[in-house]
Amino acid sequence: MIKLTILVSYIALIFNTYSYGQSIISISGNISNKNSNSLNGAYIEISSNNMVAFTDQNGNFTISVPNGGTYTIKISHIGYETLFDTINVESSIRLNYTMEESDVCLHEVVVEDHYHNNTSGEQSLSVEYISTDYLEQNREGSLMKSLERLPGITTIDIGSGQSKPLIRGLGFNRVVVVENGIKHEGQQWGADHGLEIDQYAVNNIEILKGPASLTFGADAIGGVINIMQNEVPTQKSVTGNIELTGKTNNNYIGTSVAVAGRNRKLFASFRATFIDYADYKVPATHVDIYSFRIPLYNNTLRNTAGNERNFTANIGYISDHFTAKVYVSNFYGKSGFFANAHGKEPRSINEALHDAGNRDIQNPYGEVNHFKIISKNNWLYSKFKLDANVGFQSNFRQEWSDYTPHGNMPRVFPSSLNMNQNLERGFEKYIYSTSVNAKYELNNKLLISSGLSSEYHENYISGIGFIIPQFTQANGGAYMVAKYEYSDRSIFNAGIRYDYGIINTKEYYDWFATTIVQSSDTTYDYLQRSENISRSFANVSWAIGYNLNIDKFELKANAGKSFRMPIAKELAANGVNYHHFSYEKGDANLKSEESYQFDLGLEYSNSDFAVGITPFVNYFVNYIYLNPTHRHDRQYGNGNQVFEYTQCEVFRYGGELHSHYRILPVLQFGIIGEYVYSEQMSGAKKGYTLPFSPPASAIFNIKYNKTKLWYLHKMYVTTDLKLVASQTDIVPPESITEGYKIINAGAGFSVYAGKQIINLTIHVNNIFNTKYFNHTSFYRLINLPEAGRNFIVGLSIPFSTNNYNTVNYQ
């Protein structure tokens with residue numbers, strides 16, 4: 001019934017859009033510098049309509065306006081003077097602009113070469129904006145790992161190909177990842193489950209640090225990573241890009257090819273990505289796992305190889321009534337688990353089998369296939385804008401391992417059972433999502449935004465192991481936000497949201513009988529691991545914010561309340577986590593999390609110097625976390641420590657610092673720093689911090705930029721010194737992680753082969769092959785160091801054809 005309601009509502013919305021749509025006029029163009037180099041990530045704004053766009057890798061952009069008239073266009077890009085122009089539009093038009101170099105702005109040192117969205121002055125939360133240039137220059141094993149250089153962003157890693165984001169120390173279901181307007185949903189409850197997103201298919205990213213529940217839903221209690229693709233291609237054009245990446249540490253080979261085109265009304269794009277990598281190396285000859293010392297063959301972690309096969313396509317149509325886009329993607333990934341640290345006793349592994357080749361993937365390993373289809377629809381009329389999105393996702397994850405009997409499991413797997421004895425766990429999830437968002441400009445000072453969103457989840461399980469039950473979940477919310485421009489320098493924001501959710505779990509019984517001895521009687525029974533649970537949750541979120549912009553000074557302040565409903569694992573887990581030898585139990589009586597937070601942002605910048613700080617204070621009424629107990633499980637393993645989900649009050653504070661100084665016109669020095677403090681204020685671990693709390697860290701950067709040097713265009717050379725403090729604030733069974741320092745370096749430039757531009761980047765991570773431990777790494781729990789020295793070479797070849805007659809502006 002819920003899915004039928006979603007479908008009917010969506011169809012009704014589309015018919016309404018067709019009935020009331022108005023003519024759409026396209027303003028497109030190209031942005032370049034005085035050397036005729038295209039500028040990627042330039043920000044374009046049509047001020048009177050609050051319409052924005054960003055240029056693609058070829059410098060092209062497109063903005064749609066509802067009707068003809070006179071418009072003011074604003075164009076900005078890091079390192080260039082902001083352009084303003086007044087244009088008279090009667091029909092679709094194409095414009096070319098040439099930008100002049102200027103002093104570097106604040107955000108370039110914080111995130112090298114990403115675009116600065118000038119609407120950040122209207123956001124009361126701390127925001128980072130990331131462009132394709134940054135992603136190409138910082139390409140790591142996963143998309144989330146590529147973002148780790150940003151202040152306040154860390155990751156929980158497992159191996160070289162999977163990682164989960166932490167924003168100011170909060171992660172898992174407390175950080176929402178949005179792709180093309182729809183929340184990405186998979187099996188993110190697992191520390192070893194990475195995000196199923198093709199990092200090559202990402203164009204621009206917006207990161208909101210702090211509670212963003214009002215518009216992005218209840219789970220955004222810690223922040224949002226909003227992933228966006230480029231807008232509609234320019235008319236009568238074909239564009240594309242070929243990207244190649246190689247890495248020496250794990251012999252990584254990545255290839256991605258994209259092509260996009262448009263005639264007048266129809267447009268489409270397609271991307272295919274292929275990634276293959278071998279076992280990765282660490283600067284160690286052995287590792288100590290619990291009480292075992294494990295030798296490493298050629299400094300290599302056995303069975304950590306993997307591969308990806310990803311496909312992305314979108315098709316769209318622009319008519320006189322509305323704009324419609326459909327995105328389709330399929331992500332497939334297969335990666336091995338470190339053979340000495342999964343399920344079995346570390347020394348019982350057949351090391352000769354795993355050491356025979358560094359690209360083969362043996363048991364244990366995991367594979368996942370994530371399919372996604374999203375329909376985005378936009379209706380624009382004068383001062384009113386309506387967006388309607390609907391999405392479907394299917395996530396199919398399996399974890400394979402040699403059959404190893406634990407507890408009362410039969411020594412020989414019964415052939416009569418209709419299941420694969422080596423399928424450790426399987427998860428199959430289907431997600432249906434909708435969202436409708438409307439904006440109405442009441443006058444030139446007041447903008448009202450409101451919206452509705454809903455999700456429905458179906459999750460099925462399989463395999464011989466159990467940790468979470470089958471479940472269904474439905475949730476929805478409604479919000480309203482008002483932005484009032486008191487003056488050109490002063491903006492107020494306020495909003496409220498209501499969310500309601502239902503979750504139902506299904507009972508589960510062991511597939512094998514357990515021996516039960518009572519007095520002198522012995523019986524056999526199939527033990528129940530999970531009960532039928534039905535819970536509902538409701539809550540109200542709110543936020544108020546203020547922005548002040550005075551010449552070179554900017555102030556942001558935001559206070560709000562957010563909430564998160566418990567997930568199925570927190571309510572009903574009852575099984576062994578073979579990745580770190582623990583037994584995890586849920587609590588069916590958990591309450592929803594409630595969080596109160598205050599954020600502040602202060603920035604000052606002039607032509608040669610800039611500094612900014614973004615402190616925050618956060619209080620959780622009832623934070624949910626896994627609490628280690630003194631008990632050990634003997635029923636399903638060899639004495640794994642029991643962890644139970646519980647709740648407590650938590651107080652957190654911290655912040656980020658970013659600053660830079662221009663030493664010479666082509667040379668600049670910068671610093672990025674971050675700090676988070678957490679303390680449990682109640683419960684069994686009162687006085688302790690939270691698990692995976694990131695230590696204080698700082699990056700000192702020096703960068704040389706040259707627009708043109710001989711035949712090299714947009715040339716840069718950069719060096720980072722990363723200092724990380726020891727993490728002594730731990731919660732047992734965590735252990736203290738020693739501090740470390742590593743040096744990374746890189747260079748990049750563009751060259752022309754005739755009219756064809758070629759972009760090349762060369763980076764070296766961990767230049768001195770330093771052995772160190774990352775406190776937020778999943779493998780830190782078993783004393784595995786981080787990857788050793790890694791040379792990364794990236795090659796990008798964009799191409800474009802265009803048949804437009806254009807108007808040039810210089």
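**Exercise 1. A salt bridge and its surroundings**

With which residue does Asp 219 form a salt bridge, and how far apart are the closest N and O atoms?

Solution. The model is a predicted one, in which local features need pLDDT of at least 70 and side-chain atom pairs count only at pLDDT 80 or more, while totals for chains, interfaces and linings use all residues. Residues are numbered from 1 along each chain as its sequence is written, and side-chain values use heavy atoms, with hydrogens and water left out.

Step 1. A salt bridge is a side-chain nitrogen of Lys or Arg within 4 Å of a carboxyl oxygen of Asp or Glu. The partner of Asp 219 is Lys 183, and their closest N and O atoms are 3.4 Å apart.

Step 2. Locate both residues. Helices (H or I, at least four residues) and strands (E, at least two) are DSSP runs, numbered from the N terminus. Because Asp 219 lies in the loop between helix H5 (213-216) and E14, and Lys 183 in strand E12, the pair ties together parts that are 36 residues apart in sequence.

Step 3. Examine accessibility. Buried means under 20% relative accessible area, exposed over 50%, and partly exposed in between (1.4 Å probe, protein chains only). Asp 219 has 15% relative accessibility and therefore counts as buried; Lys 183, at 13%, is buried as well.

**Exercise 2. Further salt bridges**

Solution. Step 1. Lys 561 counts as buried because its relative accessibility is 11%.

**Exercise 3. Strand E11**

Why is strand E11 described as largely enclosed by the rest of the structure, and with which strands does E11 pair?

Solution. Step 1. Of the 5 residues of E11 (residues 175-179), 5 are buried, so this strand is largely enclosed by the rest of the structure. Val 175, Val 177 and Glu 179 point one way, whereas Val 176 and Val 178 point the other way.

Step 1. Two strands pair if DSSP finds at least two bridges between them. E11 pairs with strand E14 (residues 223-228) in the parallel sense over 5 bridges; in E14, Ile 225 is the bridge partner of Val 177.

Step 2. With strand E12 (residues 182-183), E11 pairs in the antiparallel sense over 2 bridges. Glu 179 stands opposite Ile 182 in E12. The hairpin of E11 and E12 has 2 residues between the strands, and Asn 180 takes a positive phi near 55° there.

**Exercise 4. Ala 478**

Where does Ala 478 lie, and which residues does Ala 478 touch?

Solution. Step 1. Ala 478 belongs to strand E26 (residues 471-485). Its relative accessible area is 32%, so Ala 478 is partly exposed.

Step 1. Contact means heavy atoms within 4.5 Å. Not counting residues up to four places away in sequence, Ala 478 touches Gly 451, Leu 452, Ile 496, Arg 497 and Tyr 498.

Step 2. Val 436 is 42 residues from Ala 478 in sequence, and their C-alpha atoms are 9.5 Å apart in space.

**Exercise 5. Confidence**

What pLDDT does the chain average, and over which residues does pLDDT stay under 50?

Solution. Step 1. pLDDT is the predictor's confidence in each residue, from 0 to 100. The chain averages 84, and 89% of the residues score at least 70.

Step 1. Over residues 4-22 pLDDT stays under 50, and the model has 23 contacts beyond four places in sequence for them. Residues 803-810 also have pLDDT below 50, with 18 contacts in the model beyond near neighbours in sequence.

Step 2. Where pLDDT is low, the predicted coordinates should not be read in detail.
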